[in-house]
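Hello,

I am handing this structure over to you. Please look through it first; my notes follow below.

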Amino acid sequence: MNRSSEKSSTLVSPPCWDPDQQLRWLSESRFRSRQHLGIAERKILQRLGLEKVLEHGRVFLTQRVAPARPANDGRQTPMRKHPIFVAQHATATCCRGCIARWYNIPTGRELTALEIDTLLTVIRHWLEREMERSDCKKAEPSPTAAKRRPRSVQQTLFQTDCETAKKHEG
Ligand SMILES: [Zn+2]
């Protein structure tokens, strides 16, 4: 299915977004579907619980993504270290470019409260699905393995560059 050709006709304004439909679209992207919680993020999620983690998600979205011109847009969301960061890349809620592309929300203006709620709902559904997954071993390299990797690979693992990410989306 061609995601981009569908976009204008099938995406509707909030609150009619269907998080499950959104996740189905996202699963067609190789880059998005490869994002999974690693051991460290799973531990955080288990320790804090889903609701607390989603509170962090609201703060991250509000502070880093919601402003009309977010600082460092396209690079403001790390790839790892918090379950929300991973969820943001998996759900394309990591920066305004990705949100514009996947959710039809224009850049250059502040996100509304309703839009933030909607994006958080997609993140919630993704995290719930992720908690049901048992195979997290491959999801995260050990810290020592990451240290030994060349810098460029390490940057791919721990930093974000949504321009690079888009190349993987195909
Ligand atoms: Zn992004």
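From the N terminus on, the elements run α-α-α-α-α-α-α-α-α-α-α, which gives 11 helices and zero strands. Helices (H or I, at least four residues) and strands (E, at least two) are DSSP runs, numbered from the N terminus.

This is a predicted model: local features need pLDDT of at least 70, side-chain atom pairs count only at pLDDT 80 or more, and totals for chains, interfaces and linings use all residues. Residues are numbered from 1 along each chain as its sequence is written.

Of the 170 residues in the protein, 27% are buried (20 or more other C-beta atoms within 10 Å of the residue's own; exposed means 12 or fewer, partly exposed in between, with C-beta atoms placed from the backbone).

Helix α6 (residues 83–91) packs against helix α8 (residues 113–132) at an angle of about 105 degrees, with the axes 9 Å apart. Axes are lines fitted to C-alpha atoms, for helices over the stretch in contact, and angles run from 0 to 180 degrees between N-to-C directions. The two helices are therefore roughly perpendicular (65 to 115 degrees). On the α6 side the contact involves Pro 83, Ile 84, Ala 87, Gln 88, Ala 90 and Thr 91, and on the α8 side Val 122, Ile 123, Trp 126 and Leu 127 (contact: C-beta atoms, placed from the backbone, within 7 Å).

Gly 108 lies in the loop between α7 (96–103) and α8. Gly 108 counts as exposed because it has 8 C-beta neighbours inside 10 Å. Its C-alpha atom is 4.7 Å from that of Ala 68, 40 residues away along the chain.

Regards

Definitions and conventions
Parallel < 35°, antiparallel > 145°, perpendicular 65-115°, else oblique. Contact = placed C-beta atoms within 7 Å.
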